[in-house]
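Below is a short briefing on one protein chain, arranged by topic. Please keep the sequence and the coordinates open while reading.

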Amino acid sequence: MDGTIFNSRGILVGMVRGPSIFDPRGQKLYDLKGTNVYKLSGELVGHLPLDVRSSERRLDKSADKLFRKNP
């Protein structure tokens, strides 16, 4: 499920590489299990929309907070 993540305004905010989510600079932000997003401490914080037709995922406004400067 590798690909890119865009916020609700269309700005690149992350990349999915295997079971991890990274910021655009390459810093690991979250673990990914299925579509569930977990902090590195193991706490569930959200879900990624699953679109099997695309490697690009666009977040709705409620999920934008996951990709602020200091998650």
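Ile11 counts as partly exposed because its relative accessibility is 42%, where buried means under 20% relative accessible area, exposed means over 50%, and partly exposed lies in between (1.4 Å probe, protein chains only). Ile11 belongs to the loop between β1 and β2. Apart from neighbours within four places in sequence, Ile11 is in contact with Ile5 and Phe6, contact meaning heavy atoms within 4.5 Å. This is a predicted model, in which local features need pLDDT of at least 70 and side-chain atom pairs count only at pLDDT 80 or more, while totals for chains, interfaces and linings use all residues. Residues are numbered from 1 along each chain as its sequence is written, and side-chain values use heavy atoms, with hydrogens and water left out.

**Overall make-up**

- The protein has 7 strands and 0 helices; helices (H or I, at least four residues) and strands (E, at least two) are DSSP runs, numbered from the N terminus.
- Read from the N terminus, the order of elements is β-β-β-β-β-β-β.
- Of the 71 residues, 34% count as buried.
- The accessible surface comes to about 4700 Å², and 50% of that surface belongs to carbon and sulfur atoms; areas come from the Shrake-Rupley method with a 1.4 Å probe, and for residues only the protein chains shown count as cover.
- Among contacts between residues at least 6 apart in sequence, 31% join residues at least 24 apart.

**Strand pairing and hairpins**

- Strands β1 (residues 3-6) and β2 (residues 12-17) run antiparallel and are joined by 4 bridges; two strands pair if DSSP finds at least two bridges between them.
- In this pairing, Ile5 stands opposite Gly14 in β2.
- The hairpin of β1 and β2 has 5 residues between the strands, and Gly10 takes a positive phi near 90 degrees there.
- β2 is also joined to strand β3 (residues 20-22) by 3 bridges, again antiparallel, with Val16 opposite Ile21 in β3.
- The hairpin of β2 and β3 has 2 residues between the strands, and Gly18 in the turn has a positive phi of about 60 degrees.

**Nonpolar core**

- The largest nonpolar core has 11 residues: Ile5, Val13, Val16, Ile21, Leu29, Tyr30, Leu32, Val37, Leu48, Leu66 and Phe67.
- A nonpolar core is a set of buried Ala, Val, Leu, Ile, Met, Phe, Trp, Tyr and Cys residues joined through side-chain atoms within 4.5 Å.
- The largest share of this core, 3 residues, comes from β4.
- Leaving aside neighbours within four places in sequence, Ile21 is in contact with residues including Ile5, Val16, Leu29, Tyr30, Leu48 and Phe67.

**Aromatic and charged groups**

- The structure holds 1 aromatic pair; rings of Phe, Tyr and Trp (its six-membered ring) pair if their centres lie within 6.5 Å, with planes under 30 degrees apart counted as stacked, over 60 as edge-to-face and the rest as tilted.
- The ring centres of Tyr30 and Phe67 are 5.8 Å apart and the planes stand at 75 degrees, so this pair is edge-to-face.
- Tyr30 lies in strand β4 and Phe67 in the segment after β7 (56-58), 37 residues apart.
- Both Tyr30 and Phe67 are buried.
- The charged end of Lys33 sits over the ring of Tyr38, 5.0 Å from the ring centre; the criterion is NZ of Lys or CZ of Arg within 6 Å of the ring centre and within 35 degrees of the ring normal.

**Pro49**

- Pro49 is found in the loop between β6 (44-47) and β7.
- Pro49 is partly exposed, with a relative accessible area of 37%.
- The C-alpha atoms of Pro49 and Ala63 are 9.9 Å apart, and the two residues are 14 apart in sequence.
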